[in-house]
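Please open the structure in a viewer and keep the selection tool at hand.

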Amino acid sequence: MKIGRVAGTVVSTISAPIFDHRRLLLCDLLTPAGEPTGDYTIAVDVVDAGAGETVLILDEGTGARQIMGWTVAPIRAVVVGIIDDIDV
Amino acid sequence: MKIGRVAGTVVSTISAPIFDHRRLLLCDLLTPAGEPTGDYTIAVDVVDAGAGETVLILDEGTGARQIMGWTVAPIRAVVVGIIDDIDV
Amino acid sequence: MKIGRVAGTVVSTISAPIFDHRRLLLCDLLTPAGEPTGDYTIAVDVVDAGAGETVLILDEGTGARQIMGWTVAPIRAVVVGIIDDIDV
Amino acid sequence: MKIGRVAGTVVSTISAPIFDHRRLLLCDLLTPAGEPTGDYTIAVDVVDAGAGETVLILDEGTGARQIMGWTVAPIRAVVVGIIDDIDV
Amino acid sequence: MKIGRVAGTVVSTISAPIFDHRRLLLCDLLTPAGEPTGDYTIAVDVVDAGAGETVLILDEGTGARQIMGWTVAPIRAVVVGIIDDIDV
């Protein structure tokens, strides 16, 4: 899993029911120190994360479908939690 | 999922029925700001995307097969939507 | 599998039972010589690894779920062992 | 999927029946413009591709096993087609 | 699949029966010309490969479990063969 920061939302017309009423979050990937790595991913929101929040991203299709309760869905990455703290 | 821009099509003779009457799109991968990353992928078209359009690419085999309605198919990446807007 | 060093823990509110009473370990990835690569991953702890320990990380969702005894869980990486020695 | 060019064959003694009478192709990965990226993969040949030919490579285990008609096989990448043309 | 060279073994206490009496090989990844890429992986040995030997590495969990005859195992990479020759 990776650390990300919500940078915005992606608006796309996708003909798959799993995306109805779901936001696609554009997330900058971060280092543990909170610096952007320069890479990003687009993840489905399941925790109602807001712009600027630091989040935990799962980038694995099977687990992503499972946490959303679907067995068939064209998704790969999901924001699974808001990160409250990183203790180093 | 990643952001791409359709750069062209790949013409290949592949002996798998899922490719009949399907286009293989050559997609440049983009940063959220719309700049090319220098990387690319080849994805099956399911939304009738045209050259130059900004698209959402799912790069995960199981989800790619599912959105096409096949359980057995030699594919990994699919253009799942045309991106209308990115709100940052 | 990869070599990592436990750098800390990630505190996140995740609504999935597999994370109850489990620690999420922030692990710096290492070269075989023990130098940081600059990359990291966040892995579920199953061996009670402590900060600073060198660990073996499995970064594959299906195997990660299996070692934890779950078939449905939003995880991808697991610390599967503490590395005692690397013989080169 | 990715674009590659067949650079040679790999001769290895592997005790798995799927490799009997199959060639393992060493493929240089290419940019869409046909330049080597510096990376490579080793893929099972299913289209009788020859040295120097430009090919379409599927790098995903489940799809690779499917196109070969096996459910159990230690493979990940397959040359699924010879690329006739790239229209950009 | 990738080309590697066995650099050593990793000694780790892992509480999973698949690792009993199995060696974990530290493998440097190589270019087709035999030069180290700077990257590595840790793979389970199934061919009794020795230090310094050039090997074929499968880095995909499902195929790795299959070649070992297990359906449940926390592994991702396996040394599937010793490379006898690369014809370029």
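**First stop: chains B and D**

Select β1(B) and strand β5 (residues 77-87) of chain D: five bridges join the two, and they run antiparallel. Strands are DSSP runs (E, at least two residues) and helices likewise (H or I, at least four), numbered from the N terminus; two strands pair if DSSP finds at least two bridges between them. Within this pairing, B:Val10 has D:Ile86 in β5(D) as its bridge partner.

The model is a predicted one, in which local features need pLDDT of at least 70 and side-chain atom pairs count only at pLDDT 80 or more, while totals for chains, interfaces and linings use all residues. Residues are numbered from 1 along each chain as its sequence is written, chains are lettered from A and ligands numbered from 1 in the order in which they are written, and side-chain values use heavy atoms, with hydrogens and water left out.

Next, display the whole interface of these chains. The contact (heavy atoms within 4.5 Å) takes 26 residues from chain B and 23 residues from chain D. Together the chains bury about 2,000 Å², with 55% of it on carbon and sulfur atoms; buried area is the accessible area (1.4 Å probe) that two parts lose on being put together, summed over both.

Now show the side chains of B:Asp39 and D:Lys2, which meet in a salt bridge at 2.9 Å, N to O. The pair crosses from strand β3 (residues 36-45) of chain B to strand β1 (residues 2-13) of chain D. A salt bridge here is a side-chain nitrogen of Lys or Arg within 4 Å of a carboxyl oxygen of Asp or Glu. Then select D:Glu60 and B:Arg65, which form a salt bridge with their closest N and O atoms 2.8 Å apart. The count between chain B and chain D is two salt bridges.

**Second stop: chains A and C**

Move to chains A and C, where the contact takes 23 residues from chain A and 26 residues from chain C. Select A:Met1, A:Lys2 and A:Gln66: these supply 31% of the area that chain A buries against chain C, more than any other three residues. The area buried between the two chains is about 2,000 Å², of which carbon and sulfur atoms give 54%.

Which residue forms a salt bridge with A:Lys2? It is C:Asp39, and the closest N and O atoms are 2.9 Å apart. On the side of chain A that touches chain C, β1 (2-13), β4 (54-59), α1 (61-68) and β5 (77-87) of chain A each supply at least two residues. The most comes from β5(A), with eight residues.

Highlight β5(A) together with strand β1 (residues 2-13) of chain C; five bridges join these antiparallel strands. Here A:Asp85 stands opposite C:Val11 in β1(C).

**Third stop: the arrangement of copies**

Finally, select chains C and D: no contact joins them, and their closest C-alpha atoms lie 13 Å apart. Chain A and chain E do not touch either, with their nearest C-alpha atoms 13 Å apart.
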